[in-house]
Amino acid sequence: MNRPAGEDVHESTAELRSAIADILSRSSVPADPPATQPAPESSGDRTATTASAYDAALRLLGVRARSQAELRKRLHDKDFAPTEIESVMTRLAAAGLLDDVDFAEQWVHSRHRHSGKGRTALRHELRQKGVADTVIEHALDQIDDDAERERAADLLRRKTSRLTAEDITDRAQRDKHVRRLVAMLARRGYAPSLAMSLVNEELNQLTAE
């Protein structure tokens, strides 16, 4: 029996999350048909193909959260038709399973806390995932200057834990360590000025002990 028009868009989040669990628990998921094979016949509608695109989207979201641009590209790479992709995107967004604001906030929290990434690196990563600048800046507001400084200092302490005052007594050796440590923090996405300040503080404290 056909569902009333628009029912899919308003399907509950609980039902969609149950669908994700069901798909991921299947022992054997049919592979996507090769691009050269003809699309399955559907008696004038696209129900079979749309379901396949929907299942593919749920599998991708079951692995990890994704931005809208990421998911759209992955479905496009699987050769689903643009109209089918947009239908799936609308359905997932309406159910709260595809939200760039929530995605960006989770990304910033996780990558800053567990990977030690600074705001510059996080901004670049989210742009690479197609998230809008306004959404990115809102997510980055979670990290204030003090929190970023403390996270960078923690990374620095780990890197200098084996250094001794004797290692940096010589000016050339100290400069070498300064360049290495500043570069490490810069690669993690911390501003050069912050990195230089923290490195000098850490090395000065080491020689004062």
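Start by selecting Q68, L71, R72, L75 and H76 in helix α3, which meet I85, E86, V88, M89 and L92 in helix α4. Colour these residues by type. The contact of α3 with α4 divides into six nonpolar, two polar and two charged residues. Keep in mind that this is a predicted model.

Select residues 68-77 for α3 and residues 82-94 for α4. Two packed helices are described by the angle between their axes and the distance between the axes. Here the axes come within 10 Å and cross at roughly 145°. The crossing of α3 and α4 is right-handed.

Stay on α4 and pick S87, which lies in this helix. S87 and Y54 are 33 residues apart along the chain, and their C-alpha atoms are separated by 8.8 Å.

Move on to K117. Where does K117 lie? Look in the loop between α5 (100-114) and α6 (119-128). K117 counts as buried because its relative accessibility is 16%, and buried means under 20%.

Finish with the surroundings of K117. Leave out residues up to four places away in sequence, and K117 touches R111, H112, L122, E125, R188 and Y190. Show these side chains together with K117 to view the contacts.

Methods
Residues are numbered from 1 along each chain as its sequence is written. This is a predicted model: local features need pLDDT of at least 70, side-chain atom pairs count only at pLDDT 80 or more; totals for chains, interfaces and linings use all residues. Side-chain values use heavy atoms; hydrogens and water are left out. Axes are lines fitted to C-alpha atoms, for helices over the stretch in contact, and angles run from 0 to 180 degrees between N-to-C directions. Helices (H or I, at least four residues) and strands (E, at least two) are DSSP runs, numbered from the N terminus. A crossing is left-handed if the near helix is turned anticlockwise from the far one by less than a right angle, and right-handed if clockwise. Contact means heavy atoms within 4.5 Å. Ala, Val, Leu, Ile, Met, Phe, Trp, Tyr, Cys and Pro count as nonpolar, Asp, Glu, Lys and Arg as charged, and the others, Gly among them, as polar. Buried means under 20% relative accessible area, exposed over 50%, partly exposed in between (1.4 Å probe, protein chains only).
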